[in-house]
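Thank you for giving me a few minutes this morning. I would like to walk slowly through one protein chain, for those who are meeting it here.

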Amino acid sequence: MSKMLRVVLGLGLAGTLACKGGGGNAAAGGGNPPPSAAPPPADVTSAPVGDPVVAQLTPPPFVPPPITRDKPAKVIVKLEVQEKELSISEGVRYTFWTFGGTVPGSFIRVRQGDEVEFHLQNHPGNKMPHNIDLHAVTGPGGGAASSFTAPGHESQFSFRALNPGLYVYHCATAPVPMHVANGMYGLILVEPPGGLPKVDKEYYVVQGDFYTVGKYREKGLQPFDMQKGIDESPTYVVFNGSEGALVGDKALTAKVGERVRIYFGVGGPNLSSSFHVIGEIFDHVYQEGGSNTQDNVQTTMVPAGGSTIVDFTVNVPGTYILVDHALFRAFNKGAVGMLKVEGPEDKIVYSGKEVDSVYLSDKAGSGVGTTVAEATASAEAGTLTLDQQIAAGQALFAGTCSTCHQPDGKGLLPTFPPLAASTYIAATPMDTLISGVLNGLTGPVQVNGVDYNGVMPPMSYLADDDLANMMTYVFNTMGNKKGAVSKADVARIRATTPRPPGAAH
């Protein structure tokens, strides 16, 4: 049986499964509207109808509007490769190689049966040749062999979008892993006839793993580390190209009662994702970006170079956290995002508080990126002030130290000692305090006349300047007057502390 015939025969089943996915505004509880009839098979052989259409491309996390055409068209896609220095974390810069100037690259949306005329442009200011492999292409290399493009040049090729689904695209120029590791990937959606079931909000999220010479959150411009990539030991695992891409003011948004769809992909180059939204259950998951759906899913596996589509209805307001549920990636490498939902409460569905900082870490605070970036820039210029250190430290303190010691520093009797107006801080030498935070503290201590006997885990996984700023904040606020801690102070204590291999940094 030919591939063309298999495609046509299989579309009736695919359409039925797609219609099963629900649509519109569902009632509370995530119920579905009655299923509609399966659409007719797509015409994947006829010539395009009408004038050529220039594809609307969107940067993440946005998605072009659904396609309303009922006939295949000639669709022109123009995508430019740009090599850009961008932020990957607070005060950390990285030279990304991008499709369209963003990581992931621009979202592409076409209809099954469309003839796609693809133009790949390589910006004249770039230093490297690039090409593109679209997993939606049926043909050798997915377009890579036809799109090798030098800086300042443009390549063109065409393909027929035969199969519906959500597909990854990426650069395939040697060394391929390096190009992908620098952010060269994105998603292309090939809609089935009649489109996908209607939802209220659509978003575009792609996870990627990044490999820098400097350790996690080490400030400044960080070069790519090929050996870390070969060893599959990423410094960062993030959504949409940076730790801050989907948090705070950049969070995804929705209203109570709305049905949300996330087009989720994994660029890799190495790691798969255990995609999960804390506080939500996926009503429908289009497994691996295909036509089959699974209902009522908590966490879905997405391979490197793969994708999924998840739909869910938000029933109560609050901040929902997007994570890779391989949790060290979320809380120690950056794979954390937010969906902020507004609307009336429903105490029967959920009676808890709005958001729990245990899940957000330092992202629970506001202004983290701005204050840390300002302190980093001043430190590089040699003009760092005590006030800047305190502001950066306060932002980082939220959800890190505050989880145990509380946001006001008053602690929790009888387990967690207070940091506010602390007699222990006042009486203990500065180097001993730095060592305690950096390397952990075990055993009895007396603070403000109360005996405590617990364990404070080491915070050696944090960068020297972040630790210095957090300690400076604690030591100079909350009724303490201890003085400033410098990045050099932390580095000196770290260097003199024996630590077995694998014990943080």
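This is a predicted model: local features need pLDDT of at least 70, side-chain atom pairs count only at pLDDT 80 or more; totals for chains, interfaces and linings use all residues.

Where does Glu258 sit in the chain? Its place is in the loop between strand E13, residues 252–255, and strand E14, residues 259–268. Glu258 is buried, with a relative accessible area of 15%, whereas Lys201 is partly exposed, with a relative accessible area of 23%; the line between the two classes is drawn at 20%. The side chains of Glu258 and Lys201 also meet in a salt bridge, 3.4 Å from N to O. Because Glu258 belongs to the loop between E13 and E14 while Lys201 belongs to strand E10, residues 201–210, this pair ties together parts that are 57 residues apart in sequence.

Let me step back to the chain as a whole. Its secondary structure comes to 12 helices and 23 strands, and of its 505 residues, 51% count as buried. If we take contacts between residues at least 6 apart in sequence, 71% of them join residues at least 24 apart. The chain exposes about 21500 Å², of which carbon and sulfur atoms supply 57%.

I return now to the salt bridges, of which the structure holds 18. One of them joins Lys219 and Asp465, with the closest N and O atoms 3.2 Å apart. This pair links distant parts of the chain, since Lys219 is in the loop between E10 and strand E11, residues 220–222, and Asp465 is in helix H11, residues 464–475, which puts them 246 residues apart. Are these two partners buried or exposed? Lys219 counts as buried at 13% relative accessibility, and Asp465 likewise counts as buried, at 14%.

Another salt bridge is found between Asp489 and Arg492, where the closest N and O atoms are 3.7 Å apart. Both residues are in helix H12, residues 487–495, and because they are 3 residues apart there, about one helical turn separates them. As a general point, an α-helix has 3.6 residues a turn, so residues three or four places apart point the same way. Asp489 counts as partly exposed at 22% relative accessibility, and Arg492 counts as partly exposed at 39%. Elsewhere, salt bridges form a network that links Arg109, Glu191, Glu202, Arg261 and Asp311.

The largest nonpolar core has 28 residues, and Ile262, Leu322 and Leu339 are the ones that touch the most other members. Strand E14 gives this core its largest share, 4 residues. Leaving aside residues up to four places away in sequence, Leu322 touches a list of residues that includes Val205, Phe239, Leu252, Ile262, Phe275 and Leu339. Apart from this core lies another, of 27 residues, among them Leu419, Tyr473, Val490 and Ile493.

Not counting residues up to four places away in sequence, Ser402 touches Phe397 and Pro407.

Phe397 in turn belongs to helix H7, residues 386–397, and is one of its buried residues, together with Gln389, Ile390, Ala392, Gly393, Ala395 and Leu396. How does the span of H7 compare with what its 12 residues should give? At 1.5 Å a residue they should span 16 Å, and the end C-alpha atoms are 16 Å apart, which agrees.

Glu90 lies between strand E2, residues 74–89, and strand E3, residues 92–99, and it is buried, with a relative accessible area of 10%. The side chain of Glu90 makes a polar contact with the side chain of Ser89, at 3.0 Å.

Notes:
Residues are numbered from 1 along each chain as its sequence is written. Side-chain values use heavy atoms; hydrogens and water are left out. Helices (H or I, at least four residues) and strands (E, at least two) are DSSP runs, numbered from the N terminus. Buried means under 20% relative accessible area, exposed over 50%, partly exposed in between (1.4 Å probe, protein chains only). Contact means heavy atoms within 4.5 Å. Accessible areas come from the Shrake-Rupley method with a 1.4 Å probe; for residues, only the protein chains shown count as cover. The expected span of a helix is 1.5 Å times one less than its number of residues. A salt bridge is a side-chain nitrogen of Lys or Arg within 4 Å of a carboxyl oxygen of Asp or Glu. A nonpolar core is a set of buried Ala, Val, Leu, Ile, Met, Phe, Trp, Tyr and Cys residues joined through side-chain atoms within 4.5 Å. A polar contact is a pair of N or O atoms within 3.5 Å; within protein, one must be able to donate a hydrogen and the other to accept it, and residues adjacent in sequence count only if both atoms are side-chain atoms.
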